[in-house]
Amino acid sequence: MPDLSTTYLGLALKNPLVPSSTPLSHDLDAILHLEDAGAAAIVMHSLFEEDVRHDEQMIDRFLVHPDSFGEATGHLPFGHDYQSRLDSYLEQIQRLKSRLAIPVVASLNGSSLSGWVELGKEMQAAGADALELNAWYMPSDPKVSSEAIEDHHVALLKELKTVVSIPVSMKLSPFFSSLPHFVHQVEAAGVAGVSLFNRFFQPDIDLETLTVVDRVQLSSSADTLLAMRWIAILRGSTKLSLAATGGVHGAEDALKMLLAGADVVHMASALLKRGPQALSEVLAGMTRWLEEREYTSVAQMKGSMSQQNSPNPSDFARAAYLHVLGSFTPPAGVRY
Ligand SMILES: Cc1cc2nc3c(=O)[nH]c(=O)nc-3n(C[C@H](O)[C@H](O)[C@H](O)COP(=O)(O)O)c2cc1C
């Protein structure tokens, strides 16, 4: 049996499979089943900056200035037993920590620089083993330069690092124009790892109602290639922990991410679609593949196909692009 262990954000994990941030972590039983299926750690659903702000505003409106609402205060959702989303989140960290043997990574999601990252301190106090910072930001303002956006991310990370001592990972967008340069900036600012990539759910247009609609779009295996290339490129230039997130549904997807240089492989869509079985199947398939090829450990194969270790590094760069475009052949029977 090969040694599947890996290290992620300084945490020793029994294998590289880590359920990614999804609503599943609201449910203790679901997470216990994932642990039974072999999950090596868990990233919790995010606590959103907007949710925390909303709670603060409501409490301020109704409890600090109750007179302005007259009798309506009698029907308010928060008496002594009112629980803010922050309180529920912290309780869930404690619940998961008390029942799981595997590390728990809490997730903070927001983008403004204004003290909300202080919440990281409370997550740490509640027992989180590490934090994932998801600075989801849509760069749609033509007046904001890419440099300003990068500086903002670094400032946000630094703000968080002033209040927590547990390791922090940053979940990144695939749209940074010079990703390795940016990764070096966050490395210098004290991040312990990066998670590639944040999934940007795309709004759609409903042609019947002519409205913009949001739908959860789950991934497929084809989505792995984006993170796989960037992990292969980054592996040789950073010591940070690298987490691959996006499109891991089968053992082959996970193995490719590890060969490219990932330390852990996150799974979300596959678990939402097929439950804990998806994780145990990936684990079994990975183990089988390693045994068949006589690898003794994950460490032995990790990064062996990164750009740095590739006999032809341009396979991950422009040469591959030229080759792919030149190799297209029209499907049989199609006339142009
Ligand atoms: C229903 C759903 C909820 C998610 N919620 C979060 C979240 O709260 N925070 C976060 O950082 N990512 C969230 N994600 C993104 C996933 O953690 C993951 O990065 C993404 O889905 C790509 O992985 P996959 O291809 O395995 O689904 C969510 C994804 C889905 C499908």
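Predicted model: local features only at pLDDT ≥ 70, side-chain atom pairs only at ≥ 80, totals over all residues.

I began with a helix contact: T224, A227, M228, I231, A232 and R235 in α7 meet D253, K256, M257 and A260 in α8. By class, I get six nonpolar, one polar and three charged residues in this contact of α7 with α8.

Next I checked how the two helices lie. Helix α7 covers residues 224-235 and helix α8 covers residues 251-260; they pack at an angle of about 20°, and their axes are 8 Å apart. Angles under 35 degrees count as roughly parallel, so I put α7 down as roughly parallel to α8. The crossing of α7 and α8 came out right-handed.

Then I moved to the ligand. What surrounds the ligand, and which residues are the closest? I find 24 residues around the ligand, with S20, S46, S219, A268 and S269 the closest. β4 (42-48), β5 (104-109) and α9 (269-274) each give at least two residues to the shell, and α9 gives the most, with three. Sorted by class, the shell around the ligand has eight nonpolar, 13 polar and three charged residues.

Last entry: L242, which sits in strand β11, residues 241-244. Is L242 buried or exposed? L242 counts as buried, because it has 28 C-beta neighbours inside 10 Å and 20 or more is enough for that. Beyond its neighbours within four places in sequence, L242 is in contact with residues including G193, V194, L196, I231, L234 and R235. I also looked up L258: it is 16 residues from L242 along the chain, and their C-alpha atoms are separated by 9.7 Å.

Note on methods. Residues numbered from 1 in each chain as written. Axes fitted to C-alpha atoms, helices over the stretch in contact; angles between N-to-C directions. Helix = DSSP H or I, 4+ residues; strand = E, 2+ residues; numbered from the N terminus. Parallel < 35°, antiparallel > 145°, perpendicular 65-115°, else oblique. Left-handed = near helix turned anticlockwise from the far one by under 90°. Contact = placed C-beta atoms within 7 Å. Nonpolar A, V, L, I, M, F, W, Y, C, P; charged D, E, K, R; others polar. Near = placed C-beta within 6 Å. Buried ≥ 20, exposed ≤ 12 C-beta atoms within 10 Å, placed from the backbone.
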